[in-house]
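Have a look at the sequence and the fold first, and then read on.

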Amino acid sequence: MTKASDSAIWNAVHTERRALIRDLESLEPARWTTASLCPGWDVHDVLAHLVDSAKTTRLGFIKRMLTARFDFDRDNAAGVARERAADPARTLDRFRAVSSSTSTPPVALATRLVEAYVHGEDIRRPLGIDSDYPPEHVAKALTYQLTTSVKIGGGKELAHGWRLVATDTEFVHGDGPEVRAPAITLLLGTSGRPVPAAELGGPGGPVFATTITQPS
């Protein structure tokens with residue numbers, strides 16, 4: 001990946017972080033405990049995870065994996081506990097402080113787009129907050145998800161046997177019954193998030209919605 005491509009990804013990530021901050025600045029205190037799309041996490045937990053993720057460095061990630069005995073769930077839980085302040089406003093301040101960070105674990109840079117868009121929807125959808133995501137960047141995140149196993153957070157197996165077609169950008173993947181939807185909806189579905197059948201068009205849409213399983 002070129003430096004120009006890296007810069008474009010980071011610009012998109014930073015733009016999304018700022019947009020999420022704006023969406024949460026006036027959130028009523030009681031709504032921070034709303035269950036997110038991540039099982040076991042409320043929206044405050046997801047925000048704390050985003051803070052932790054934005055702080056993670058390549059070397060730091062390796063050390064953390066050793067501490068967590070290579071258990072991703074254990075490491076994520078520790079990160080949330082570390083960054084989740086008693087007052088959600090303080091957690092939001094922490095996220096604001098790292099919103100322009102370019103730290104990343106030793107993985108493909110496209111994972112930063114996955115984190116930004118999927119976790120953004122993990123928070124926004126349960127709160128009833130709509131957001132416009134740039135389809136071309138969502139498609140980059142989706143492309144990465146579809147080449148990555150669910151064992152490490154991807155969606156390769158979930159997409160197997162389906163022809164996925166984005167309705168808002170040029171994106172087609174796979175063979176099988178066609179499923180048509182905006183790129184963000186396809187990204188959520190292939191990331192294991194529940195997606196209403198009404199959002200999925202094409203002959204395969206209704207069945208695809210029932211095959212999606214949420215990540216642990």
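## The largest cavity

Three helices, α1 (3-24), α2 (43-55) and α6, each supply at least two residues of the lining of the largest cavity. Helices here are DSSP runs of H or I with at least four residues, numbered from the N terminus. A cavity is a set of points, on a 1 Å grid over the protein atoms alone, where a 1.4 Å probe fits but cannot get out, and its lining residues have an atom within 4 Å of a point. This is a predicted model, in which local features need pLDDT of at least 70 and side-chain atom pairs count only at pLDDT 80 or more, while totals for chains, interfaces and linings use all residues. Residues are numbered from 1 along each chain as its sequence is written, and side-chain values use heavy atoms, with hydrogens and water left out.

How many cavities of 30 Å³ or more does a search of the whole structure find? It finds one. The largest cavity holds about 110 Å³ of space, where a volume is the space filled by probe spheres set on the grid points, which are joined across faces, edges and corners. Its lining is made up of V13, E16, R17, L20, L50, S53, A54, F95, R112, E115 and A116. The largest share, four residues, comes from α1. Sorted by class, the lining has six nonpolar, one polar and four charged residues. For these classes, Ala, Val, Leu, Ile, Met, Phe, Trp, Tyr, Cys and Pro count as nonpolar, Asp, Glu, Lys and Arg as charged, and the others, Gly among them, as polar.

## α2 and its partners

Two packed helices are described by the angle between their axes and the distance between the axes. The axes of α2 and α6 come within 10 Å and cross at roughly 165°. These axes are lines fitted to C-alpha atoms over the stretch in contact, and angles run from 0 to 180 degrees between N-to-C directions. The two helices are therefore roughly antiparallel (under 35 degrees is roughly parallel, over 145 roughly antiparallel, 65 to 115 roughly perpendicular and the rest oblique). On the α2 side, V43, V46, L47, H49, L50 and S53 meet R112, E115, H119, D122, I123 and L127 of α6, where contact means heavy atoms within 4.5 Å. This contact has six nonpolar, three polar and three charged residues.

With helix α4 (residues 72-83), α2 crosses at roughly 100°, the axes coming within 8 Å. So α2 and α4 are roughly perpendicular to each other. D45, A48, H49, V51, D52 and K55 of α2 touch N76, G79, V80, R82 and E83 of α4. By class, that makes three nonpolar, three polar and five charged residues.

## α6 and α7

Helix α6 (residues 110-127) also packs with helix α7 (residues 135-145), at an angle of about 110° and with the axes 8 Å apart. That makes α6 roughly perpendicular to α7. In α6, A110, T111, L113, V114 and Y117 meet H137, V138, K140, A141, Y144 and Q145 of α7. Seven of the contact residues are nonpolar, three polar and one charged.

## The second largest pocket

A pocket is an open set of points with protein on both sides within 12 Å along at least five of seven lines. The second largest pocket has a volume of about 240 Å³. Its lining has 15 residues, and E121, R125, S131, Y133 and I184 lie nearest its centre. α6 gives the most to this lining, with three residues. Five of the lining residues are nonpolar, three polar and seven charged.
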